[in-house]
Amino acid sequence: MDILCVCGNGIGTSVLLKVNVEQAAADLGMDVNVTTSDAGSAKGTANMNDLVLTSKELAPELEGTTTPVETVTNFMDLDEVKSILQEYAD
């Protein structure tokens with residue numbers, strides 16, 4: 001599963017989220033490839049992924065993509081990330 005983590009600049013909080021997504025996926029036994037992006041570039045690359053994770057504030061910028069966009073309230077909350085990933089586990 002290809003997952004795109006999106007934040008404002010693509011180098012800060014999205015990297016923190018990426019680490020937690022990788023950990024949560026490992027805990028769930030999921031095979032994932034996680035990348036990061038800034039909000040401006042994400043709309044163009046979102047459709048090349050199976051899932052997009054971002055904040056509630058940035059989600060509207062990704063409207064119109066065919067890829068599911070899920071919002072994460074606390075990027076550091078491993079349990080929250082796991083609960084989102086479980087919805088997409090095969």
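In β2, S37 is the bridge partner of V6. A word on the model itself: it is predicted, local features need pLDDT of at least 70, side-chain atom pairs count only at pLDDT 80 or more, and totals for chains, interfaces and linings use all residues. Residues are numbered from 1 along each chain as its sequence is written, and side-chain values use heavy atoms, with hydrogens and water left out.

Some terms next. Helices (H or I, at least four residues) and strands (E, at least two) are DSSP runs, numbered from the N terminus. Two strands pair if DSSP finds at least two bridges between them.

Back to S37, which belongs to strand β2. Is S37 buried or exposed? S37 has 9% relative accessibility and therefore counts as buried; buried means under 20% relative accessible area, exposed over 50%, and partly exposed in between, with a 1.4 Å probe and protein chains only. The S37 side chain also reaches the backbone nitrogen of A42, at 3.4 Å. That is a polar contact, a pair of N or O atoms within 3.5 Å; within protein, one must be able to donate a hydrogen and the other to accept it, and residues adjacent in sequence count only if both atoms are side-chain atoms.

Now the sheet. In what order do the strands lie? The sheet is open, has four strands in the order β2-β1-β3-β4, and its pairing is parallel. At the edges are β2 (33-38) and β4 (69-71), each of which pairs on one side only. From one strand to the next, the twist averages 25°. As a reminder, strands of a sheet pair through backbone hydrogen bonds, either parallel or antiparallel.

Take β1 and its two partners. β1 and β2 run parallel and are joined by six bridges. On the other pairing, β1 (residues 2-7) meets β3 (residues 51-54) in the parallel sense, over three bridges. There, I3 stands opposite L51 in β3. Five of the six residues of β1 are buried, so the rest of the structure largely encloses this strand.

Contact means heavy atoms within 4.5 Å. For the angles, axes are lines fitted to C-alpha atoms, for helices over the stretch in contact, and angles run from 0 to 180 degrees between N-to-C directions. Within α1 sits N20, which is buried with a relative accessible area of 12%. Leaving out residues up to four places away in sequence, N20 touches F75, M76, L78 and V81.

V81 brings us to α3, where the buried residues are E80, V81, I84 and L85. At the start of α3, a side-chain oxygen of D77 comes to within 3.1 Å of the backbone nitrogen of D79.

Last, T65, in the loop between β3 and β4. T65 counts as buried, at 16% relative accessibility. Which backbone oxygens lie by its side chain? A polar atom of the T65 side chain lies 3.1 Å from the backbone oxygen of L62, and one lies 3.3 Å from the backbone oxygen of T67. T65 also touches K43, A46 and N47, not counting residues up to four places away in sequence. With N47, the separation is 18 residues in sequence and 6.2 Å in space, C-alpha to C-alpha.
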